[in-house]
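Please look over the sequence and the 3D structure below.

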Amino acid sequence: MPRNAVEVHDNLVLEPRDVKFDWSDLPLHWVPDEPFVTHTINVLHLLLPEGERWFIKVFRDALPMIRDEQLREEVLGFIGQESIHAEAHQEVLEHLLAQGLDPRPYVRQIAWLFQRVLGEKPGLSARRRRENVIERVAFVAAIEHFTAFLGHWALNSPALDRAKADPTMVDLLRWHGAEEVEHRSVAFDLMVHLDPGYLRRVRGMTVSGPLLVHLWVRGVRFLLAADPTLQGSIRPSWKLAWDGARRGLLPDPIASLRSGLRYLRPAYHPTQEGSSAQALGYLATSPAARAAAH
Ligand SMILES: [Fe+2]
Ligand SMILES: [Fe+2]
């Protein structure tokens with residue numbers, strides 16, 4: 001069984017860093033000459049603002065159910081960090097729109113999914129409402145496994161620097177990635193606190209894992225079609241994804257799948273993945289995080 005949240009995190013203090021980014025000079029293909037790689041990573045900007053606002057709503061719904069002060073503090077810190085993440089990615093969406101790539105049709109679908117399909121169900125009895133909140137926490141916990149995986153990848157992706165990817169965007173990815181690694185246990189610990197059952201964890205991953213893959217594939221397809229400079233000339237394919245991963249510019253799809261399977265190991269805990277020391281090390285040098293600290 002996973003250890004108790006208090007034992008694992010007696011020193012975890014999650015601090016929201018109020019970062020600002022200037023996108024005025026961001027090229028449409030911010031990994032130069034790599035539109036497929038750029039748009040595959042850009043899917044984050046499509047999914048995260050709505051997704052992270054939904055996490056916050058779920059966690060606010062769960063707050064009255066928490067019977068552990070340390071965990072409550074962590075959940076509040078998590079909410080603070082995710083709300084800044086959502087805003088930071090929202091600003092990139094506005095920049096895409098200004099450059100002639102309109103992300104709104106896709107974002108509307110995502111908003112519908114998170115608010116209507118995965119949102120709070122009205123009119124439930126107290127018992128069924130509690131069950132519904134825990135179920136949604138389990139979805140968040142599974143997604144947070146992947147955001148930590150992607151964060152760890154972003155912190156260990158020197159190929160992006162070699163490819164001369166835009167340094168402000170790389171800082172956004174690594175600042176966000178580092179905070180995802182930093183708070184990677186919170187959703188999982190909250191799920192276990194509310195329901196220690198293994199089946200809950202499996203259900204969360206069974207829904208969230210395939211949904212995330214589906215949304216990502218659709219997002220890449222959407223962005224490549226909506227990019228006014230490409231006019232549909234690049235057809236997305238797994239071959240292009242493999243090629244990007246082989247060159248270190250994208251996460252490896254097989255490593256991502258394996259990571260999802262590790263989440264199902266009975267003895268799994270998020271602290272077994274990624275490195276808090278590395279994440280905090282990056283946050284100490286990140287241009288945006290340093291500017292926010294002053
Ligand atoms: Fe986040
Ligand atoms: Fe997160």
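What follows is a set of notes grouped by topic.

This is a predicted model: local features need pLDDT of at least 70, side-chain atom pairs count only at pLDDT 80 or more, and totals for chains, interfaces and linings use all residues. Residues are numbered from 1 along each chain as its sequence is written, and chains are lettered from A and ligands numbered from 1 in the order in which they are written. Helices (H or I, at least four residues) and strands (E, at least two) are DSSP runs, numbered from the N terminus.

**Nonpolar core**

- The largest nonpolar core has 71 residues. A nonpolar core is a set of buried Ala, Val, Leu, Ile, Met, Phe, Trp, Tyr and Cys residues joined through C-beta atoms within 7 Å.
- A residue is buried if 20 or more other C-beta atoms lie within 10 Å of its own, exposed if 12 or fewer, and partly exposed in between; C-beta atoms are placed from the backbone.
- Val58, Val137, Val140, Ala141, Ala187, Leu190 and Met191 have the most contacts inside this core.
- Helix H5 (residues 126-155) gives the most to this core, with 16 residues.
- Leu190 is in contact with Ala62, Leu71, Val75 and Val137, leaving aside neighbours within four places in sequence. Two residues are in contact if their C-beta atoms, placed from the backbone, lie within 7 Å.

**Helix H2 against helix H5**

- The axes of H2 and H5 cross at roughly 140 degrees and come within 10 Å. H2 is therefore oblique to H5.
- Axes are lines fitted to C-alpha atoms, for helices over the stretch in contact, and angles run from 0 to 180 degrees between N-to-C directions.
- Angles under 35 degrees count as roughly parallel, over 145 as roughly antiparallel, 65 to 115 as roughly perpendicular and the rest as oblique.
- The H2 and H5 crossing is left-handed. A crossing is left-handed if the near helix is turned anticlockwise from the far one by less than a right angle, and right-handed if clockwise.
- On the H2 side, the contact uses Phe55, Val58, Asp61 and Ala62; on the H5 side, Val133, Arg136, Val137 and Val140.
- By class, this contact of H2 with H5 has six nonpolar, no polar and two charged residues. Ala, Val, Leu, Ile, Met, Phe, Trp, Tyr, Cys and Pro count as nonpolar, Asp, Glu, Lys and Arg as charged, and the others, Gly among them, as polar.

**Helix H3 against helix H8**

- Helix H3 (residues 69-98) packs on helix H8 (residues 186-194) at an angle of about 140 degrees, with the axes 10 Å apart. That angle makes H3 oblique to H8.
- The crossing of H3 and H8 is left-handed.
- H3 brings Leu71, Glu74, Val75 and Phe78 to the contact, and H8 brings Val186, Asp189, Leu190 and His193.
- The contact of H3 with H8 has five nonpolar, one polar and two charged residues.

**Positive phi**

- Most residues other than glycine have a negative phi.
- Asp33 has a positive phi, near 60 degrees, and is not a glycine. Asp33 sits in the loop between H1 and H2. Asp33 counts as exposed because it has 9 C-beta neighbours inside 10 Å.
- Gln231 also is not a glycine, and its phi is positive at about 50 degrees. Gln231 lies in the loop between helix H9 (198-226) and helix H10 (238-246). With 8 C-beta neighbours inside 10 Å, Gln231 is exposed.

**Contacts across the sequence**

- Arg174 is in helix H7. Arg174 is buried because it has 23 C-beta neighbours inside 10 Å. Leaving aside neighbours within four places in sequence, Arg174 is in contact with Ala154, Leu155, Tyr282 and Ser286. Arg174 and Leu155 are 19 residues apart in sequence and 5.5 Å apart in space, C-alpha to C-alpha.
- Ala163 lies in the loop between helix H6 (158-162) and helix H7 (167-182). Ala163 is partly exposed, with 17 other C-beta atoms within 10 Å. Not counting residues up to four places away in sequence, Ala163 touches Val31, Pro32, Glu34 and Leu249.
- Pro16 is in the loop between helix H1 (5-8) and helix H2 (35-62). Pro16 is in contact with Gly80, Gln81 and Ile84, leaving aside neighbours within four places in sequence.
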